[in-house]
Amino acid sequence: TSFPPIENTRMAPLALKSLPRTTVRRSVTTRAAAVSGEVPSMEKRRIMNMLTVGAVGLPATAILGPYVYQFIPPSSGGGGGSVAKDALGDDVTTKKWLSTHGAGARELVQGLKGDATYLIVKEDKTIEKYGLNAVCTHLGCVVPWNAAENKFMCPCHGSQYDATGFKIRGPAPLSLALAHVEVDEKDTVVFTPWTETDFRDGGKPWWA
(Lines give C-alpha, C1' and ligand atoms only; values in the text may rest on other atoms or scores of the structure.)
Protein backbone atom coordinates (compact mmCIF):
# COMPACT_ATOMS: atom_id res chain seq x y z
CA THR A 1 0.00 0.00 0.00
CA SER A 2 1.44 3.38 -0.91
CA PHE A 3 0.76 6.71 0.85
CA PRO A 4 0.82 10.13 -0.68
CA PRO A 5 3.94 12.16 0.16
CA ILE A 6 3.64 14.53 3.15
CA GLU A 7 3.55 18.10 2.01
CA ASN A 8 5.83 20.55 3.85
CA THR A 9 3.46 23.44 3.28
CA ARG A 10 1.65 22.74 6.58
CA MET A 11 4.87 23.23 8.62
CA ALA A 12 5.27 26.79 7.53
CA PRO A 13 2.51 28.21 9.78
CA LEU A 14 4.07 26.50 12.84
CA ALA A 15 7.41 28.12 12.15
CA LEU A 16 5.73 31.46 11.74
CA LYS A 17 3.87 31.08 15.03
CA SER A 18 7.08 30.37 16.95
CA LEU A 19 8.76 33.50 15.59
CA PRO A 20 6.83 36.09 17.68
CA ARG A 21 7.57 34.14 20.89
CA THR A 22 11.27 34.31 20.23
CA THR A 23 10.99 37.97 19.41
CA VAL A 24 9.05 38.74 22.64
CA ARG A 25 11.47 36.73 24.77
CA ARG A 26 14.42 38.60 23.34
CA SER A 27 12.63 41.89 23.88
CA VAL A 28 11.93 41.12 27.51
CA THR A 29 15.48 39.96 28.07
CA THR A 30 16.85 43.09 26.46
CA ARG A 31 14.55 45.29 28.57
CA ALA A 32 15.51 43.50 31.80
CA ALA A 33 19.16 44.01 31.02
CA ALA A 34 18.54 47.68 30.37
CA VAL A 35 16.60 48.12 33.63
CA SER A 36 19.25 46.34 35.69
CA GLY A 37 21.79 48.77 34.34
CA GLU A 38 19.80 51.84 35.43
CA VAL A 39 21.19 53.43 38.61
CA PRO A 40 19.00 56.07 40.33
CA SER A 41 20.58 59.46 40.58
CA MET A 42 21.50 60.88 43.98
CA GLU A 43 18.53 63.23 43.79
CA LYS A 44 16.14 60.32 43.22
CA ARG A 45 17.66 58.45 46.14
CA ARG A 46 17.22 61.49 48.39
CA ILE A 47 13.58 61.85 47.40
CA MET A 48 12.90 58.16 48.04
CA ASN A 49 14.59 58.37 51.44
CA MET A 50 12.46 61.36 52.37
CA LEU A 51 9.30 59.54 51.32
CA THR A 52 10.29 56.49 53.34
CA VAL A 53 11.03 58.53 56.46
CA GLY A 54 7.78 60.41 56.03
CA ALA A 55 5.78 57.21 55.68
CA VAL A 56 7.23 55.88 58.94
CA GLY A 57 7.37 59.16 60.82
CA LEU A 58 3.82 60.39 60.31
CA PRO A 59 2.10 57.49 62.10
CA ALA A 60 4.59 57.73 64.97
CA THR A 61 4.00 61.47 65.27
CA ALA A 62 0.25 60.94 65.34
CA ILE A 63 0.60 58.46 68.20
CA LEU A 64 3.26 60.22 70.28
CA GLY A 65 2.34 63.80 69.46
CA PRO A 66 -0.16 64.42 72.30
CA TYR A 67 2.25 62.95 74.87
CA VAL A 68 5.34 64.79 73.64
CA TYR A 69 3.39 68.08 73.44
CA GLN A 70 2.92 68.04 77.22
CA PHE A 71 6.65 68.51 77.67
CA ILE A 72 7.21 71.16 75.02
CA PRO A 73 6.57 74.69 76.27
CA PRO A 74 4.60 76.98 73.95
CA SER A 75 7.36 79.53 74.30
CA SER A 76 10.72 79.49 76.00
CA GLY A 77 10.29 83.04 77.21
CA GLY A 78 13.86 83.91 76.29
CA GLY A 79 15.16 83.07 79.77
CA GLY A 80 12.06 84.49 81.52
CA GLY A 81 9.18 82.67 83.17
CA SER A 82 7.24 79.65 81.95
CA VAL A 83 3.66 78.88 82.89
CA ALA A 84 3.34 75.51 84.62
CA LYS A 85 1.33 72.97 82.61
CA ASP A 86 -0.44 69.92 83.97
CA ALA A 87 -0.61 66.45 82.34
CA LEU A 88 -3.40 67.63 80.03
CA GLY A 89 -1.44 70.66 78.87
CA ASP A 90 -3.61 73.11 80.82
CA ASP A 91 -2.26 76.04 82.83
CA VAL A 92 -1.83 75.21 86.50
CA THR A 93 -3.69 77.51 88.89
CA THR A 94 -3.24 77.43 92.66
CA LYS A 95 -6.97 77.05 93.32
CA LYS A 96 -7.39 74.04 91.05
CA TRP A 97 -4.10 72.43 92.08
CA LEU A 98 -4.72 72.71 95.82
CA SER A 99 -8.22 71.32 95.40
CA THR A 100 -6.77 68.02 94.19
CA HIS A 101 -3.38 67.88 95.98
CA GLY A 102 -2.96 67.63 99.71
CA ALA A 103 -0.21 68.72 102.09
CA GLY A 104 3.16 67.16 101.29
CA ALA A 105 2.25 66.35 97.69
CA ARG A 106 5.00 66.41 95.11
CA GLU A 107 3.63 66.06 91.61
CA LEU A 108 5.11 66.59 88.17
CA VAL A 109 4.21 69.47 85.90
CA GLN A 110 5.90 71.02 82.89
CA GLY A 111 8.49 73.53 83.99
CA LEU A 112 11.26 75.65 82.53
CA LYS A 113 12.38 74.59 79.05
CA GLY A 114 9.68 71.93 79.12
CA ASP A 115 11.46 69.88 81.80
CA ALA A 116 9.44 67.72 84.15
CA THR A 117 9.35 69.65 87.44
CA TYR A 118 7.96 68.87 90.87
CA LEU A 119 5.40 71.27 92.27
CA ILE A 120 5.37 70.96 96.06
CA VAL A 121 2.46 71.55 98.44
CA LYS A 122 3.54 72.61 101.93
CA GLU A 123 1.97 71.46 105.19
CA ASP A 124 -0.06 74.66 105.43
CA LYS A 125 -1.72 73.81 102.10
CA THR A 126 0.13 76.45 100.09
CA ILE A 127 2.45 75.91 97.16
CA GLU A 128 6.17 75.92 97.90
CA LYS A 129 8.16 78.88 96.59
CA TYR A 130 10.49 76.63 94.63
CA GLY A 131 10.09 73.74 92.23
CA LEU A 132 12.46 70.82 91.65
CA ASN A 133 13.65 69.72 88.24
CA ALA A 134 12.93 65.98 88.15
CA VAL A 135 15.85 65.07 85.85
CA CYS A 136 18.50 63.05 87.66
CA THR A 137 21.92 64.71 87.51
CA HIS A 138 23.58 61.36 86.82
CA LEU A 139 22.29 60.21 83.43
CA GLY A 140 19.03 62.11 83.01
CA CYS A 141 16.35 59.70 84.26
CA VAL A 142 13.19 61.22 85.71
CA VAL A 143 13.40 60.69 89.47
CA PRO A 144 10.14 59.63 91.19
CA TRP A 145 9.10 60.77 94.66
CA ASN A 146 8.90 57.98 97.23
CA ALA A 147 6.45 59.18 99.89
CA ALA A 148 7.07 56.16 102.13
CA GLU A 149 10.82 56.91 102.23
CA ASN A 150 10.28 60.69 102.16
CA LYS A 151 12.87 61.16 99.41
CA PHE A 152 13.41 61.05 95.68
CA MET A 153 14.84 57.72 94.53
CA CYS A 154 16.16 57.23 91.01
CA PRO A 155 15.23 53.80 89.62
CA CYS A 156 18.02 53.81 87.04
CA HIS A 157 21.20 53.71 89.15
CA GLY A 158 20.09 54.28 92.75
CA SER A 159 20.78 57.98 93.24
CA GLN A 160 18.77 59.57 96.05
CA TYR A 161 17.74 63.10 96.99
CA ASP A 162 16.04 64.41 100.11
CA ALA A 163 12.67 66.19 100.16
CA THR A 164 14.31 69.43 98.97
CA GLY A 165 16.13 67.74 96.09
CA PHE A 166 19.49 67.79 97.84
CA LYS A 167 21.69 64.84 96.82
CA ILE A 168 22.19 62.34 99.63
CA ARG A 169 23.42 59.35 97.63
CA GLY A 170 25.30 58.89 94.37
CA PRO A 171 26.24 58.15 91.70
CA ALA A 172 24.51 61.45 90.90
CA PRO A 173 27.13 64.21 91.30
CA LEU A 174 24.77 67.11 91.98
CA SER A 175 21.47 68.02 93.61
CA LEU A 176 18.29 68.53 91.59
CA ALA A 177 18.02 71.93 89.93
CA LEU A 178 15.80 74.58 91.51
CA ALA A 179 13.29 76.97 89.94
CA HIS A 180 11.35 79.81 91.51
CA VAL A 181 7.59 79.36 91.77
CA GLU A 182 5.45 82.47 91.46
CA VAL A 183 1.73 83.13 91.07
CA ASP A 184 0.55 85.81 88.65
CA GLU A 185 -2.56 87.98 88.75
CA LYS A 186 -4.62 85.24 87.12
CA ASP A 187 -3.74 82.73 89.86
CA THR A 188 -1.52 80.90 87.37
CA VAL A 189 1.64 79.17 88.58
CA VAL A 190 4.77 80.44 86.83
CA PHE A 191 8.32 79.08 86.99
CA THR A 192 11.25 81.50 86.76
CA PRO A 193 14.99 80.72 86.72
CA TRP A 194 16.82 80.31 90.01
CA THR A 195 20.14 82.14 89.64
CA GLU A 196 21.07 82.99 93.23
CA THR A 197 22.69 80.88 95.94
CA ASP A 198 21.43 77.33 96.41
CA PHE A 199 19.85 77.47 99.88
CA ARG A 200 20.49 73.74 100.44
CA ASP A 201 24.26 73.88 100.47
CA GLY A 202 25.10 77.57 100.19
CA GLY A 203 26.84 77.10 96.86
CA LYS A 204 26.39 78.56 93.42
CA PRO A 205 23.58 77.09 91.28
CA TRP A 206 25.29 74.67 88.89
CA TRP A 207 22.33 74.86 86.44
CA ALA A 208 22.44 78.65 86.02
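Mentor: Cys154 is buried, with a relative accessible area of 7%. The model under discussion is a predicted one.

Trainee: Why is Cys154 called buried?

Mentor: The term applies to a relative accessible area under 20%. Cys154 has 7%, so it is buried. Cys136, at 5%, counts as buried by that cut-off.

Trainee: What makes Cys141 and Cys156 a disulfide?

Mentor: Their sulfur atoms are 2.0 Å apart, and the limit is 2.5 Å; the pair therefore qualifies as a disulfide. The link is left-handed, with -110 degrees about the S-S bond. It connects distant parts of the chain, 15 residues apart: Cys141 belongs to the loop between β4 (130-133) and β5 (145-146), and Cys156 to the loop between β6 (151-153) and β7 (160-161).

Trainee: Why is Cys141 called buried, and why is Cys156 called partly exposed?

Mentor: Cys141 has 17% relative accessibility, under the 20% limit, and therefore counts as buried. Cys156 has 37%, which lies between 20% and 50%, so it counts as partly exposed.

Trainee: How do you know that Asp198 is buried?

Mentor: Its relative accessible area is 2%, under 20%, so Asp198 is buried. Asp198 is located in the segment after β10 (189-193). Leaving aside neighbours within four places in sequence, Asp198 is in contact with Leu178, Gly203 and Trp207.

Trainee: What makes the link between the side chains of Asp198 and Arg200 a polar contact?

Mentor: The distance is 2.9 Å, and the cut-off for such a pair of N or O atoms is 3.5 Å. The two side chains therefore make a polar contact.

Trainee: How do you know that β9 and β10 pair?

Mentor: Pairing requires at least two bridges. Five bridges join β9 (residues 178-183) to β10, so the antiparallel strands pair. In one of these bridges, Val181 has Phe191 of β10 as its partner.

Trainee: What makes β1 and β2 edge strands?

Mentor: The open sheet has six strands in the order β1-β10-β9-β4-β3-β2, with antiparallel pairing. β1 (82-83) and β2 (106-110) each pair on one side only, and they are the edge strands.

Note on methods. Residues are numbered from 1 along each chain as its sequence is written. This is a predicted model: local features need pLDDT of at least 70, side-chain atom pairs count only at pLDDT 80 or more; totals for chains, interfaces and linings use all residues. Side-chain values use heavy atoms; hydrogens and water are left out. Helices (H or I, at least four residues) and strands (E, at least two) are DSSP runs, numbered from the N terminus. Buried means under 20% relative accessible area, exposed over 50%, partly exposed in between (1.4 Å probe, protein chains only). A polar contact is a pair of N or O atoms within 3.5 Å; within protein, one must be able to donate a hydrogen and the other to accept it, and residues adjacent in sequence count only if both atoms are side-chain atoms. Contact means heavy atoms within 4.5 Å.
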